[in-house]
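Open the model in your viewer and keep the selection panel at hand. The stops below say what to pick and what you will find there.

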Amino acid sequence: MRIHARPTGGRRIPGDRTPAVVRRLRKSLGFGAPLLAGLLFAAAPAAAQSEHATTLDGVYTAEQAEAGRATYQKVCSGCHTLDWYTGDVVRAWEGGSLFALYEVISTTMPQDNPGSLKRRDYADLLAYILELNGLPAGETPLSTRRSRLNAIRFQFKENR
Ligand code: HEC
């Protein structure tokens, strides 16, 4: 069984203790606490939104999927049929971050030569797998960076 750790985003929300910098600001500017709290947390919703992106949001480009198709034909098709990529083994990754699937592909596949492709090739393959599953393409290419992939949840259009 795999446990997918949720990304924390690295942002620490201050607890109930008022940070010294806020106390100083409050003193020098005469702001009330609620107004200051509002100012401090104004940036939070945007950050939270990007952390909850899913594969329904158009997280790869059509060009990437096309490149992934070529790599699939060259490297993966000997062992996996196209049907297999929309089947239960791949679907089992739903709910995890896209990084989890990226990592398993990029470190264990192709099974006869694991990790032999470029990071970009693995991202393209992942884009192709998303396309095969009917998930939408978008404007921004799928990144190879762990933090970016971690911020995208693997989710399918319809539940079976
Ligand atoms: C030499 C044969 C072989 C090649 C080539 C190969 N695979 Fe696999 N792959 C396997 C086997 C065997 C499994 C385990 C099958 C299963 O769980 O149903 C597997 C599993 C996987 C999984 C599921 C991993 C998991 O643990 O859930 C993915 C995704 C995958 N392969 C993608 C790829 C991609 C992408 C390529 C091309 C870069 C590729 N494979 C090339 C044999 C291969």
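A residue is called buried if 20 or more other C-beta atoms lie within 10 Å of its own, exposed if 12 or fewer, and partly exposed in between, with C-beta atoms placed from the backbone. Helices (H or I, at least four residues) and strands (E, at least two) are DSSP runs, numbered from the N terminus.

This is a predicted model: local features need pLDDT of at least 70, side-chain atom pairs count only at pLDDT 80 or more, and totals for chains, interfaces and linings use all residues. Residues are numbered from 1 along each chain as its sequence is written.

**Whole chain**

Start with a cartoon view. The protein has eight helices and two strands. From the N terminus on, they run α-α-α-β-α-α-α-α-α-β. Colour by burial: of the 160 residues, 20% count as buried. Now turn to contacts (C-beta atoms, placed from the backbone, within 7 Å). Among those between residues at least 6 apart in sequence, 78% join residues at least 24 apart.

**Helix 4**

The expected span is 1.5 Å times one less than the number of residues.

Which residues of helix 4 are buried? Pick Q64, A65, G68 and C76. They cover an arc of only 90 degrees around the axis, so they sit on the same side of helix 4. The arc is that of the directions from the helix axis to the C-beta atoms. An α-helix has 3.6 residues a turn, so residues three or four places apart point the same way.

**Helix 7**

Select 119-132 for helix 7. Helix 7 has 14 residues and reaches 20 Å from its first C-alpha to its last, close to the 20 Å expected at 1.5 Å a residue. Its buried residues are Y122, A123, D124, L125, L126, A127, Y128, I129 and L130. What covers them includes helix 4, helix 5 and helix 6. Step just past the end of helix 7 to G134, which takes a positive phi of about 75 degrees.

**Helix 6**

Buried here are L98, F99, L101, Y102, I105 and S106. They cover an arc of only 160 degrees around the axis, which puts them on the same side of helix 6. T107 and T108 are exposed on the other side of helix 6. The cover over the buried residues of helix 6 includes helix 7, helix 8 and strand 2 (152-153).

**The core**

A nonpolar core is a set of buried Ala, Val, Leu, Ile, Met, Phe, Trp, Tyr and Cys residues joined through C-beta atoms within 7 Å. The largest one holds 23 residues, of which L98, Y102, Y122, L126 and A127 touch the most other members. Helix 6 and helix 7 are the elements that give two or more residues to this core. Helix 7 gives the most, with eight residues.

Centre on L98. Leaving aside its neighbours within four places in sequence, L98 is in contact with T55, L126, L149, I152 and F154.

Zoom in on P110, in the loop between helix 6 and helix 7. A cis peptide bond joins M109 and P110, with omega about -10 degrees.

**Two last picks**

Select R146, in helix 8 (residues 146-150). R146 is partly exposed, with 13 other C-beta atoms within 10 Å. Draw a distance to Y102, 44 residues apart along the chain: the C-alpha atoms are separated by 8.9 Å.

Finish at G87, in the loop between helix 4 and helix 5. G87 is partly exposed, with 13 other C-beta atoms within 10 Å. The C-alpha atoms of G87 and N133, 46 residues apart along the chain, are separated by 9.1 Å.

How values were computed: Contact = placed C-beta atoms within 7 Å.
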